[in-house]
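Please look through the model shown below, and then work through the questions and answers that follow it.

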Amino acid sequence: MNSILKRCIAVTLIAIVGVIIFSVVTLNIDVKTGKPKESTTVQPKYTLTEYDGKLALFEEGYAMPVEIYDVLLSELPEAEQYKISNGIKAYTDEEALKIIEDYTS
């Protein structure tokens, strides 16, 4: 009888540990705090948009541009003006450089 009780306790403990592991993985819970982790959606690092009629690079969260380029929006095709006025998002430095290069070369 003693061995049956030990087996039942072991199976119960294994089931509890399994439920905890499943919960942490599927619910994205931070093991240290026990709270759900922050959303990991990717945010853009930069936005290329208009500033004083020119193309400008803004870092997310800042009101002033990182750099202003000698590209007048009024000289671009309407479709490009529209894209820039709505803001072109760049998620990496390389992506921002590629977009800037496309407009400045």
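Q: In what order do the elements of the protein run from the N terminus on?
A: This is a predicted model, and the protein in it has 3 helices and 4 strands. Reading from the N terminus on, the order of these elements is α-β-β-β-α-β-α.

Q: What is the order of the strands in the open sheet?
A: Strands of a sheet pair through backbone hydrogen bonds, either parallel or antiparallel. Here the open sheet has 4 strands, and the pairing is antiparallel. Strands β3 (67–72) and β4 (88–90) stand at the edges, and the order across the sheet is β3-β2-β1-β4.

Q: Why is one side of β3 and of β4 left without a neighbour in the sheet?
A: Neighbouring strands of this sheet are turned against each other by 30° on average, when direction is ignored. Strands β3 and β4 stand at the edges, so one side of each lacks a neighbour, and the reason is that each has a single partner strand.

Q: Which residue in β3 is the bridge partner of Lys54?
A: Strand β2, which covers residues 54–59, runs antiparallel to β3, and 3 bridges join the two. For Lys54, the bridge partner in β3 is Leu72.

Q: What angle does the direction of helix α2 make with that of β1?
A: Helix α2 is formed by residues 78–86 and packs on the sheet, where it touches β1 (46–51), β2 and β4. Its direction, taken together with that of β1, gives an angle of about 115°.

Q: At what angle does helix α3 run to β4?
A: Helix α3, made of residues 93–104, lies across β1, β2, β3 and β4.

Q: Which kind of aromatic pair do Tyr51 and Phe58 form?
A: The structure holds 1 aromatic pair, and Tyr51 and Phe58 form it with their centres 6.1 Å apart and 65° between the planes. Planes over 60 degrees apart count as edge-to-face, so the pair of Tyr51 and Phe58 is edge-to-face.

Q: How much of the accessible surface of the protein belongs to carbon and sulfur atoms?
A: Buried residues make up 21% of the 105 residues in the protein. The accessible surface of the protein comes to about 8300 Å², and the part of this surface that belongs to carbon and sulfur atoms is 60%.

Conventions: Residues are numbered from 1 along each chain as its sequence is written. This is a predicted model: local features need pLDDT of at least 70, side-chain atom pairs count only at pLDDT 80 or more; totals for chains, interfaces and linings use all residues. Side-chain values use heavy atoms; hydrogens and water are left out. Buried means under 20% relative accessible area, exposed over 50%, partly exposed in between (1.4 Å probe, protein chains only). Accessible areas come from the Shrake-Rupley method with a 1.4 Å probe; for residues, only the protein chains shown count as cover. Rings of Phe, Tyr and Trp (its six-membered ring) pair if their centres lie within 6.5 Å; planes under 30 degrees apart count as stacked, over 60 as edge-to-face and the rest as tilted. Two strands pair if DSSP finds at least two bridges between them. Axes are lines fitted to C-alpha atoms, for helices over the stretch in contact, and angles run from 0 to 180 degrees between N-to-C directions. Contact means heavy atoms within 4.5 Å.
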